[in-house]
Amino acid sequence: MKNRKLMRFAVAACLVAGVQAAAFAAPKKSRNAAKTAPAKAPVTILAAAAASLEYSFAGELIPLFQAKYPYISVEGAYDSSGKLQTQIENGLEADVFMSAATKQMNTLADERLIDRESVKPLLENKIVLIKPAGSETGVTGFQDAAKAHIIALGDPASVPAGQYAKEAFTSLGVWEEVERKASFGTNVTEVLNWVAAGSADAGVVYATDAATTPKVEVIAEAPEGSLAQKVVYPVGIVASSAHPAEARLFVDFLASAEGLAVFERYGFSPNK
């Protein structure tokens, strides 16, 4: 009898100890669980960007951003800002738009296709007159660009670099002469490639484009005062974006010190 009582006491003591152990263990488990955030679902956003941004976006900015936010993939669509504007107006499912001029961004904002409050006038660029590397030409600057046999320009109807070129030549009083010698490209990359290949003996591109290849040489920058405004690159979030939070993260990254440092390595300047 005495042995049975001792056994019952031992069993009861074990049960109590087990309950107490479970009580102490439970909070630890919940605390550890709270430290582990649930994995975020993969998201892909589309950045529609001016052709002159492709090198910096694809080369460094997108890989750096994706390393920081592994659940977000960024795809780039690069073309003239005017073409991208039209595509967004026609329903392109972009999340971010970065143009090479304020005109296209302002138009989309006026049409409520861009979240106006998200727009950042981020970068500044320069337009330059170029020639094929090592070539001989009588052209010394924008003022006498009409000496070229063929001058490559972005189409002023849709390409900001072409619009800036036309403005500079018009202010210098030589646009009509230049226009007669002009071959118009669909974006600034096409213009750069024509000059690099020697298909045109002069052309107007952004300074950042000219810096991407040793096949061209800069003759001159657009003269002081030939443009009414600076060459500014704004970035903003497309109003219909299916992923506005992720788009904002990308825009904020581009505007961060890390993002601006990358742009500067590619020849851009922060807009001040």
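Trainee: What share of the accessible surface of the protein chain belongs to carbon and sulfur atoms?
Mentor: Accessible areas come from the Shrake-Rupley method with a 1.4 Å probe, and for residues only the protein chains shown count as cover. The protein chain has an accessible surface of about 14,300 Å². The share that belongs to carbon and sulfur atoms is 55%.

Trainee: In this predicted model, what pLDDT do side-chain atom pairs need in order to count?
Mentor: Residues are numbered from 1 along each chain as its sequence is written, and side-chain values use heavy atoms, with hydrogens and water left out. In this predicted model, totals for chains, interfaces and linings use all residues, local features need pLDDT of at least 70, and side-chain atom pairs count only at pLDDT 80 or more.

Trainee: How many strands does the protein chain have?
Mentor: Helices (H or I, at least four residues) and strands (E, at least two) are DSSP runs, numbered from the N terminus. On that basis there are 10 helices, and the number of strands is 11.

Trainee: What percentage of the residues is buried?
Mentor: Buried means under 20% relative accessible area, exposed over 50%, and partly exposed in between (1.4 Å probe, protein chains only). Of the 272 residues in the protein chain, the buried ones make up 43%.

Trainee: How are α2 and α10 oriented to each other?
Mentor: Axes are lines fitted to C-alpha atoms, for helices over the stretch in contact, and angles run from 0 to 180 degrees between N-to-C directions. The axes of α2 (residues 54-68) and α10 (residues 257-265) come within 10 Å and cross at roughly 160°. Angles under 35 degrees count as roughly parallel, over 145 as roughly antiparallel, 65 to 115 as roughly perpendicular and the rest as oblique. The pair α2 and α10 is therefore roughly antiparallel.

Trainee: How many charged residues are in the contact of α2 with α10?
Mentor: With contact meaning heavy atoms within 4.5 Å, S56, F57, E60, L61, L64 and K68 in α2 meet E258, G259, V262, F263 and R265 in α10. Ala, Val, Leu, Ile, Met, Phe, Trp, Tyr, Cys and Pro count as nonpolar, Asp, Glu, Lys and Arg as charged, and the others, Gly among them, as polar. The contact of α2 with α10 divides into 5 nonpolar and 2 polar residues, and the charged ones number 4.

Trainee: How does α2 lie relative to α9?
Mentor: The axes of α2 and α9 (residues 244-254) come within 11 Å and cross at roughly 120°. That angle makes the arrangement of α2 to α9 oblique.

Trainee: How many nonpolar residues are in the contact of α2 with α9?
Mentor: F57, L61, I62, L64, F65 and K68 in α2 meet E246, L249, F250, F253 and L254 in α9. The contact of α2 with α9 has no polar and 2 charged residues, and its nonpolar count is 9.

Trainee: How far apart are the C-alpha atoms of Y78 and A49?
Mentor: Y78 is found in β2 (residues 72-79) and is partly exposed at 22% relative accessible area. Among the residues that Y78 touches are A49, E54, F57 and I62. Along the chain Y78 and A49 are 29 residues apart, and their C-alpha atoms are separated by 5.1 Å.

Trainee: Is A39 buried or exposed?
Mentor: A39 lies in the loop between α1 (2-35) and β1 (43-50). With a relative accessible area of 79%, A39 is exposed.

Trainee: What is the phi of R112?
Mentor: R112 lies in the loop between α4 (102-110) and β4 (120-125) and is exposed at 73% relative accessible area. Although R112 is not a glycine, its phi is positive, at about 60°.

Note on methods:
Lists of a residue's contacts leave out its neighbours within four places in sequence.
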